Amino acid sequence: MSTYVRENARNKFLVAGALCAATALGVTGLTAGTAAAAAHAAPAAASAPSKIRADYNGDGYVDLAVGVPSATVGGQAKAGYVNVVWGGASGLGKHGSTTVSQATAGVPGTAEAGDKFGHAVDSNDMNGDGYSDLVVGAPGEATTAGTAAGTVAVVWGSASGFKGGFTAANGDIDSARYGSVLTTGDFDKDGDKDIAFNSHFDESDSVMTRPGPFTTGSPSELSRVTGWHFAGPTALTSGDFDADGGDDLAISYDGMEISGTTVQSRASGEWKESWYTPDSTDTALATGDFDGDGSADLAIGNMRTNPEAEGTYCEDILGGAISVIYGKKGGTLGDGGASCTAQSNPNVGGTAEAGDNFGAHLAVGNLDRDGIDELIVGADTEAVGTAKNAGTYWVLASSGTGADFSGPAFSQNSAGVAGTAEADDRFGAAVATGDYNGDSYPDVAVGAPGEDAAKGGVWYAATPKDGPKPAVTSVTPGKLGLAGARAYGAVLGR
């Protein structure tokens with residue numbers, strides 16, 4: 001793809017933002033009454049599963065899973081739940097939602113104070129029936145091994161919604177905190193999806209995998225990927241970085257004296273490191289094809305590199321930076337070079353300031369359907385005017401391998417975006433993408449857990465096919481008729 005075509009794709013977002021300001025689009029939303037009624041409506045069932053990731057009821061629309069680990073369930077503070085906002089022709093917020101917790105029939109465990117069910121959430125078809133399933137971490141769960149041993153559960157999707165669940169892993173020692181971070185993929189190339197998650201013991205932390213299949217009586221032996229003394233994982237993502245047909249595992253880790261990002265592969269049957277960057281503190285990871293060459297690239301967000309390290313990917317790190325490590329056809333991760341993007345880059349909205357945490361939250365989607373992925377970036381501690389920690393998100397695109405990313409910034413003070421930027425809203429604390437309205441163009445969801453005195457909310461930004469960008473609307477616990485919500489929007493599943 002030529003630079004001219006790529007620049008046109010990028011300019012589409014800039015023009016859309018300008019048109020939004022020029023037309024002063026109105027804000028739409030549900031009333032609390034209509035949302036509460038919709039929340040109890042049964043989701044539309046498809047005649048056959050759609051096999052779309054994060055489509056839990058198979059109706060052809062991507063749904064949004066919102067982890068609310070601080071929610072009160074049955075009077076139990078911070079027991080936590082996952083609220084799934086159903087996608088539909090009108091996008092998010094107008095088709096109701098459903099809530100899944102350990103008090104839901106068939107879901108393993110019991111809702112107890114401090115379980116933090118929903119602390120981490122992922123989506124995948126874990127049993128091969130064509131419906132996406134929820135994979136949920138509850139790091140505060142008490143087991144027979146002790147308190148805060150943690151658990152990882154799978155909740156089954158179906159044509160009529162969620163139907164029971166499966167315990168994938170229970171913490172085997174006190175304070176193991178299983179499920180603080182997790183991701184899914186087929187790491188052993190056997191056709192079954194696997195789960196990767198954290199494990200803590202004394203002064204050490206590890207990343208473990210629980211292989212599929214996830215059926216009664218299936219082997220539950222865990223595989224250790226890697227570990228550290230006085231350090232632990234901060235982010236996980238999967239992707240086929242060596243193009244061998246199986247997923248590899250990217251891990252960012254941080255501790256008292258060590259930090260970095262490593263990519264681990266089971267291409268030879270055993271876990272081996274295939275790529276790494278040391279001496280950088282990284283808080284977000286995302287996989288995409290950012291140059292359109294058909295190979296997987298790795299985005300590393302809020303990279304803060306040790307300035308004394310040799311071969312640093314990002315030297316301009318004021319306020320945080322994003323490094324993209326490119327794959328190459330016929331090669332592996334890093335063979336295509338790397339790029340670094342910060343708010344100080346030309347054509348990136350905003351100004352680089354200390355404490356912005358630019359890139360602390362990442363998501364990927366081919367929003368304009370040109371075959372090249374865009375990078376959705378959240379910075380929830382970004383100041384907007386005098387409002388500290390108001391938060392901002394960006395839609396960034398690259399003009400080719402190794403090129404910097406560029407694109408506009410959006411806050412609650414942007415034209416066409418619902419609400420007003422206020423201190424501690426933390427808009428951009430989580431970001432996700434999916435075709436929530438079924439028009440074949442991926443849309444964007446942005447969490448703001450500090451909104452409305454920390455009750456929180458999610459903002460839905462539909463991607464336009466043509467013309468001006470539609471208004472960015474809010475989906476809040478009040479509009480959905482949710483009880484016990486706290487910091488809604490801090491965790492968004494993918």
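Val82 has Val100 in E3 as its bridge partner. The strands concerned are E2 (residues 81–85) and E3, which pair in the antiparallel sense over five bridges. Strands here are DSSP runs of E of at least two residues, numbered from the N terminus, and two strands pair if DSSP finds at least two bridges between them. The model is predicted: local features need pLDDT of at least 70, side-chain atom pairs count only at pLDDT 80 or more, and totals for chains, interfaces and linings use all residues. Residues are numbered from 1 along each chain as its sequence is written, and side-chain values use heavy atoms, with hydrogens and water left out.

E2 and E3 belong to an open sheet of four strands in the order E3-E2-E1-E31, with antiparallel pairing. Strand E3 (97–101) and strand E31 (491–492) each have a single partner strand and stand at the edges, so one side of each is left without a neighbour in the sheet.

Another open sheet of four strands has the order E17-E18-E20-E21, and its pairing is antiparallel. Its edges are strand E17 (284–288) and strand E21 (338–342); each has a single partner strand, so one side of each lacks a neighbour in the sheet. On average, neighbouring strands of this sheet are turned by 20° against each other, direction ignored, with axes taken as lines fitted to C-alpha atoms. E17 is joined to strand E18 (residues 297–301) by five bridges, the two running antiparallel. Thr287 stands opposite Leu298 in E18.

Turning to the side chains, the whole structure holds 14 aromatic pairs. Rings of Phe, Tyr and Trp (its six-membered ring) pair if their centres lie within 6.5 Å; planes under 30 degrees apart count as stacked, over 60 as edge-to-face and the rest as tilted. The ring centres of Phe166 and Phe214 are 6.1 Å apart and the planes stand at 80°, so this pair is edge-to-face. Phe166 is in strand E7 (residues 165–170) and Phe214 in the loop between strand E10 (204–210) and strand E11 (223–229), 48 residues apart. Phe166 counts as buried at 14% relative accessibility, and Phe214 is buried at 2%; buried means under 20% relative accessible area, exposed over 50%, partly exposed in between (1.4 Å probe, protein chains only).

Trp228 and Tyr253 have ring centres 5.0 Å apart and planes at 20°, so they are stacked. Trp228 lies in strand E11 and Tyr253 in strand E13 (residues 248–255), so the pair ties together parts 25 residues apart in sequence. Both Trp228 and Tyr253 are buried.

Terms used. Axes are lines fitted to C-alpha atoms, for helices over the stretch in contact, and angles run from 0 to 180 degrees between N-to-C directions.
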